[in-house]
Number of protein chains: 2
Amino acid sequence: MFSKETYIQRRQILKQKVGSGLLLFMGNEDTGMNYRDNVYPFRQESTFLYYFGLDIASLHAVIDIDNDQEIVFGNELTIDDIVWTGPKEALVDKAAKVGVSKVQPLNAIDSFLKGILSKQQTIHYLPPYRGEHYLQLQEWLEIAPSEAGQKASVGLIKAIVSMRSYKSGEEIAEIEKAVNTSVDMHLEFMRTTRPGMTEKGLAGKLQSIAISQGGDISYPVIMTVNGEILHTHARDLAMQDGQMSLCDAGAETAMRYCGDLTRTIPTGKKFTTLQREMYEIVLHAQTSAIEACKPGILFKDVHTLAATKLLEGLKSLGVVKGDPAEAVANDVHTLFFQCGLGHMMGLDVHDMENLGEQYVGYTDDLKKGTTFGWKSLRLGRALEPGFVVTIEPGLYLIPTLIDRWKAENKRSEFVDYNKLEMLRDFTGIRIEDDIVITEDGNRVLGKHLPKEVDEVEAMR
Amino acid sequence: MFSKETYIQRRQILKQKVGSGLLLFMGNEDTGMNYRDNVYPFRQESTFLYYFGLDIASLHAVIDIDNDQEIVFGNELTIDDIVWTGPKEALVDKAAKVGVSKVQPLNAIDSFLKGILSKQQTIHYLPPYRGEHYLQLQEWLEIAPSEAGQKASVGLIKAIVSMRSYKSGEEIAEIEKAVNTSVDMHLEFMRTTRPGMTEKGLAGKLQSIAISQGGDISYPVIMTVNGEILHTHARDLAMQDGQMSLCDAGAETAMRYCGDLTRTIPTGKKFTTLQREMYEIVLHAQTSAIEACKPGILFKDVHTLAATKLLEGLKSLGVVKGDPAEAVANDVHTLFFQCGLGHMMGLDVHDMENLGEQYVGYTDDLKKGTTFGWKSLRLGRALEPGFVVTIEPGLYLIPTLIDRWKAENKRSEFVDYNKLEMLRDFTGIRIEDDIVITEDGNRVLGKHLPKEVDEVEAMR
């Protein structure tokens, strides 16, 4: 955890930003997998961690701005607990380390909040995403589950986004630690993948690297020879020579900061000619996008730049026709690049996603798109120093989508559907790095992870 | 999954056992770790799997005994979903493979159940253990979260326990597969643990073995040099020569059947003399308990036997005095062996634990104990052929507990508190195997996993 002063200062700034009312921070609970006591690895709520730093299940906290008090609600271990769990530092001592002097038992929060309600003080809370959050809001604040999302505090959301978006030096150091572990995972992937292995076997090996470095994976490992399937899980099938293997994997440090990297490699020794050509297109789009990232530029425009580079490349293969920029203006890129160029990253791999992508990635004046492709771009707003973002363009040949466009002869002035047939079973490529925006540009985070074709093949 | 006939027959038998009413089976949902879309590995509800075999999130099912119909509620993928997830077998085809011909969209379940309620038909459901279950019971059946547990159907629970307790041949084969993977995990642990490694690093490595064999771990790996802490998590501290390492880890197969094994080894090459003596005591208790397991014997009595063997051993060290059997009758063993000898195992590592330990491990005439030690014995009833149970005695030297007993001079006629001081920092030992009860005795499941001192040390 960071120093006491860090947490005290964060809460102080938040109080000033919100101004009045009571701020409720619901921590996460342990979740039973197949029964109550067989629990998933505990993951604390990220905003709770940001302001209170306590990585323990079944804690909640309030910042009562009107009455100038901060309280952590949670139970101390009983002597019976200690028989089973071993001696542990008292909650009151842990809370003191993040500058909170008032700790009350968990069951005190209900009557405390009911008291606040009865005084008609405003209670600000964040959008729920776990079943337990909905139950707690219902019990404590008498908010029906169906209304819990929309009654979340926009004022609190905006204040938090205005803080968590700007990573401090100590946060960037922690993120870089996560990225370095993620690099280790990818080096293992790039060095050891062989035809005949299974996606699952590799995925498990990478997770063990994340665990061995003190944390865990920051999201389920995507390890696949079908890179075009964006939401996929590793499978038991043997990977084959001639295929490419796409690995999208990142580590989370013990402090819960994230890394998020993707590499695509030949499953065998070398890319095929076509794979190499396509890979170079994605790589050029990725490095061009990284070069463009600096304070002031709209990330939406960097996305457009990357999309244009991808279509330029596909034009050189004869699959795309006409002016690439005009083709992007007509959303032709969404046939090949259906998702966003990147997203904020921090305590969450999609940082603050539970607060709402409109608030995190856009502004009051810049609304998130709603059309295919654009609705998947999580970040559109102007970049600022301290933002940490991913840059992850890709080319994804999705047979279902190709068939749909072809049947409609959609945008046929820009797409040569006959030539496209040669790419129908190509699968997909993505290359992803994590960058921090600096005063005059950006810096790629972490140790070097090969991405040039020659250096990738040299590792195989 | 098993054959269609297996699931049809299971549901047929269940219908006959319960007799009337509607049986509701809530499947599990994906759970967001730190936001909705960053999900934990999905784990289906075990009873849902047992009767419906569909290992997919956001499904529910009913068996309407009165109207003789079975329905699975769940959504088919849209063409937009397929762009992101790739083509998948339709739910209606998957349901057909488990003998269910009627599939309705997820949002139809609410009005369907409201219709059943309005006809005053009895709706049987199982005790909830996830937040979402409570929310669903509230929405569909108008049952308040505070009452959802107690309103669960005892009739349905007992009928299910009377089926899931007896493992079929195909289930035992699948459990044995899980045990074999668990053996592989332990062989890796026993061969590769070295002073200087971290508990976490080892735990991650074992998980990767479980994942590579097509499933995952069946519960969080316990990997510790402090075996006396029963609820512990692996840590970042380096393990040291002279310590023992306890590993309690098991795999779950792709079909979600579990293994659960424990071994305790010297972290260095050899046990110390005291460690070896204590280890032999636990091993003798464990093999004696396994020998005793056969149809008809109360598992409670096997627990007592193991406890007696442990105290006999401690008597030989001079730590315990008097008659060991009398000492056990006075609960003296609970100073050293605070938990139960074992539990049922199947689709859950503590099989059916969410249905209630009284129903699973005891009978109407045999109630679960409520005193320290006995309240942690999950299984007490008479063993029967087809039961799969764990046998896992241990000796746990818990300083907090020793101090408490010593301060009270508790059972001092049986405990030499001066001699006990030499064991105060001994830590703990557990040895665990999984057995199936046969017609005339039992069989230890899985490949051989060394547990004799000599064979353990030979692997180090």
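## Burial and surface

Of the 460 residues in chain A, 61% are buried (under 20% relative accessible area with a 1.4 Å probe, protein chains only). The accessible surface of chain A is about 16700 Å², and carbon and sulfur atoms supply 50% of that area (Shrake-Rupley method, 1.4 Å probe).

This is a predicted model, in which local features need pLDDT of at least 70 and side-chain atom pairs pLDDT 80 or more, while totals for chains, interfaces and linings use all residues. Residues are numbered from 1 along each chain as written, chains are lettered from A and ligands numbered from 1 in the order written, and side-chain values use heavy atoms, without hydrogens or water.

## Fold and dimensions

Chain A contains 17 helices and 15 strands (DSSP runs: H or I of at least four residues, E of at least two). Its radius of gyration is 24 Å, close to the 23 Å from the globule rule for 460 residues, so chain A is as compact as a globular protein of that length (C-alpha atoms; rule: 2.2 Å times the number of residues to the power 0.38).

## Charge

Chain A carries 50 positive and 65 negative charges, whose mean positions lie 2 Å apart (Lys and Arg positive, Asp and Glu negative; His and chain ends not counted).

## Relation of the chains

Chain A superposes on chain B by a rotation of 180 degrees with 0.0 Å of shift along the axis, RMSD 0.0 Å (least squares on C-alpha atoms of residues with pLDDT of at least 70 in both). That is the relation of a two-fold axis. In chain A, Gly131(A) has the C-alpha nearest the axis, at 2.1 Å.

Definitions and conventions. Buried < 20%, exposed > 50% of the residue type's maximum accessible area, 1.4 Å probe, protein only. Charge placed at Lys NZ, Arg CZ, Asp CG, Glu CD.
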